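Hello,

I am passing a structure on to you, and I hope you enjoy looking through it. Please open it next to this email, and I will then tell you what turned up.

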Amino acid sequence: MFFGTYAPKLDEKGRIILPAKFRDELSPGIVMTRGQENCLYVFTSREFEAYYAKISQAPLTDQSGRSFSRMMFSGASAEQPDKQNRVTIPANLRAWAGLDRDLTVIGAGNRVEIWDTAAWDAYLSEQEEPFANITEEVIPGLI
């Protein structure tokens, strides 16, 4: 499980150093793809395969399912961290997520998310009040 917030820098070659707490889980290999709200999702290879198995259950006749799967899989890139625990973020994904030098990397349970720091700060500010004011069940049996 991934959790926590980290602030690595993007280097001139488009690489980031993985947070130390995530390295063991991510070192065998990752899949990086477009996420929602213009962040990047980073999955372990194993988790991405499980995610694919779930998405592939959607019928081909379902337009929303086709659109979602196109966005997820057309932007996916398998990456391998190097010996210094750096991973390259492909140029197309950096551009799509608007990544600059300052990044925020968060653990989001089964995945890691990579955000441009200004975008993360804006998102967090926007979501703080709705989060504090949740009064209905959002996750069945939990919240």
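**Strands, helices and a glycine**

I30 has T44 as its bridge partner in β4. Before we go on, please keep in mind that this is a predicted model.

*The pair β3 and β4*

The strand that meets β4 here is β3, and the two run antiparallel, joined by five bridges. Another pair to look for is V31, which stands opposite F43 in β4. Together β3 and β4 form a hairpin with five residues between them. In the turn of that hairpin you will find E37, whose phi is positive, at about 60°.

Are the residues of β4 buried or exposed? Five of the five residues of β4 are buried, so this strand is largely enclosed by the rest of the structure. The cut-off for buried is under 20% relative accessible area. In a regular strand, side chains alternate between the two faces of the sheet. In β4 both faces are covered: L40, V42 and T44 are buried on one side, and Y41 and F43 are buried on the other. Strand β3 is mostly covered too, with five of its five residues buried.

Six strands make up an open sheet with antiparallel pairing, and their order is β1-β7-β8-β4-β3-β5. Which strands stand at the edges? They are β1 (5-6) and β5 (77-79); each has a single partner strand, so one side of each is left without a neighbour in the sheet.

On one side, β3 (residues 30-34) pairs with β5 in the antiparallel sense over three bridges. Here M32 stands opposite S77 in β5, and I30 stands opposite E79 in β5.

*Helices*

Next, have a look at how helices sit against each other. Helix α2 (residues 45-55) packs with helix α3 (residues 63-74) at an angle of about 160°, and their axes are 11 Å apart. The two helices are therefore roughly antiparallel to each other, a word used for angles over 145 degrees. Their crossing is left-handed. Which residues make the contact? From α2 come F48, Y51, Y52 and I55, and from α3 come F68, S69, M72 and F73. Seven of these contact residues are nonpolar, one is polar and none is charged.

*A glycine in a loop*

Finally, please find G98, which lies in the loop between α4 (91-97) and β7 (103-107). Its relative accessibility is 44%, so G98 counts as partly exposed. G98 and G75 are 23 residues apart along the chain, and their C-alpha atoms are separated by 14 Å.

Happy exploring, and write back with any questions!

Best wishes

Note on methods: Residues numbered from 1 in each chain as written. Predicted model: local features only at pLDDT ≥ 70, side-chain atom pairs only at ≥ 80, totals over all residues. Heavy atoms only, no water. Axes fitted to C-alpha atoms, helices over the stretch in contact; angles between N-to-C directions. Helix = DSSP H or I, 4+ residues; strand = E, 2+ residues; numbered from the N terminus. Parallel < 35°, antiparallel > 145°, perpendicular 65-115°, else oblique. Left-handed = near helix turned anticlockwise from the far one by under 90°. Contact = heavy atoms within 4.5 Å. Nonpolar A, V, L, I, M, F, W, Y, C, P; charged D, E, K, R; others polar. Buried < 20%, exposed > 50% of the residue type's maximum accessible area, 1.4 Å probe, protein only. Pairing = 2+ DSSP bridges.
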